[in-house]
Amino acid sequence: MNTVYFDTFVYNRLVDDKNLQKKISALKDTKRIEIIFSEYLFNELVCTWNNKSPQRAVDLFKCVLEFISDKILRQRETIINEEITSFVSNCHRPSIFFDQIQRNKMLEVMGKLSKGEKITNIKPVQNIMNNKKKGYDKIKNIIKKYQPKQRISANAYSNFEEFYNSPEVKKEESNFITKLLTNKIIKNSDSDLIKQIKTNISNLSYFKSYLRMTSVYQYSFFVYKKPLRGDDYDLRHFVCANKVDILVSDSDFINIL
């Protein structure tokens with residue numbers, strides 16, 4: 001059975017297309033796919049529809065609850081931090097999914113929305129989405145300021161893979177890893193430990209995915225003057241879902257599925 005992750009766009013599309021709903025239901029009912037959910041999806045969907053169209057919220061969350069399995073992915077920062085910490089401590093990797101208590105809390109909120117109830121304590125989620133926009137604007141301004149004197153010219157490469165594997169980007173990525181680990185994970189700047197993590201980066205799939213997505217973001221700004229696919233919050237979906245078999249984010253991918 002293939003695990004599948006739908007972006008928020010897909011859930012909205014499913015609500016509008018009953019025929020598509022039936023096709024996805026058939027895949028799920030015959031156990032050809034298992035649909036994985038995440039806290040990012042929860043935040044975006046709750047925030048988008050709780051204070052707008054009541055009926056839309058009902059239809060949307062009925063659809064979500066019909067399709068998703070009991071697996072809800074945790075957020076990127078938590079997964080990456082624990083992945084690195086477990087590697088450093090040489091212990092078992094923690095689960096990438098929420099435990100039963102946390103999962104049930106999300107399902108309870110979505111259950112209320114599917115029945116037309118309003119959620120009163122939505123402010124924390126609203127703050128997350130407001131910060132999403134602030135973060136996007138901040139990055140856009142940094143890149144705009146940085147572009148005239150950029151150290152790496154993404155335009156010099158014919159495609160992203162060529163850019164990503166270039167010595168300049170690898171050097172910048174190495175410096176970024178050191179800075180990230182020193183600030184958040186490793187105390188006292190243990191250079192041997194940082195070197196060990198860099199050497200084993202292929203075994204840290206979520207951290208590796210995060211580094212790659214950081215380069216994707218940089219590349220898209222340089223070449224297209226904007227992110228080619230969404231913003232940093234959208235890229236967090238991809239990092240969290242990198243162990244999922246199939247990730248569906250737009251209409252063409254729905255048809256392929």
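User: Where is Glu 34, and why is Glu 34 called buried?

Analyst: This is a predicted model. Glu 34 is found in strand 2, residues 33-38. Its relative accessible area is 16%. Buried means under 20%, so Glu 34 is buried.

User: Which residues does Glu 34 touch, not counting residues up to four places away in sequence?

Analyst: Glu 34 touches Met 1, Asn 2, Thr 3, Val 4, Ser 69 and Lys 71. A contact here takes heavy atoms within 4.5 Å.

User: What makes Lys 31 count as exposed?

Analyst: Its relative accessibility is 62%. The cut-off for exposed is over 50%, so Lys 31 counts as exposed. Lys 31 is found in the loop between helix 2 (18-29) and strand 2.

User: What joins strand 1 to strand 4?

Analyst: Three bridges join strand 1 to strand 4 (residues 246-248), and the strands run parallel. With at least two bridges required, these strands therefore count as paired. In strand 4, Leu 247 is the bridge partner of Tyr 5.

User: Why is strand 1 called mostly covered?

Analyst: Strand 1 spans residues 2-6, and four of its five residues are buried.

User: How do you know that the buried residues of helix 5 line one face?

Analyst: The buried residues are Arg 76, Ile 79, Ile 80, Glu 83, Ile 84 and Ser 86. Seen down the helix axis, they fall within an arc of 160 degrees, so they line one face of helix 5.

User: What span does helix 5 reach, and what is expected?

Analyst: Helix 5 (residues 76-89) has 14 residues and reaches 20 Å from first C-alpha to last. That is close to the 20 Å expected at 1.5 Å a residue.

User: How many residues has the largest nonpolar core, and what gives the most to it?

Analyst: The largest nonpolar core has 57 residues. Those with the most contacts inside it include Phe 6, Ile 24 and Phe 207. Helix 11 (residues 205-224) gives the most to this core, with seven residues.

Technical notes
Residues are numbered from 1 along each chain as its sequence is written. This is a predicted model: local features need pLDDT of at least 70, side-chain atom pairs count only at pLDDT 80 or more; totals for chains, interfaces and linings use all residues. Side-chain values use heavy atoms; hydrogens and water are left out. Helices (H or I, at least four residues) and strands (E, at least two) are DSSP runs, numbered from the N terminus. Buried means under 20% relative accessible area, exposed over 50%, partly exposed in between (1.4 Å probe, protein chains only). A nonpolar core is a set of buried Ala, Val, Leu, Ile, Met, Phe, Trp, Tyr and Cys residues joined through side-chain atoms within 4.5 Å. The expected span of a helix is 1.5 Å times one less than its number of residues. The arc is that of the directions from the helix axis to the C-beta atoms.
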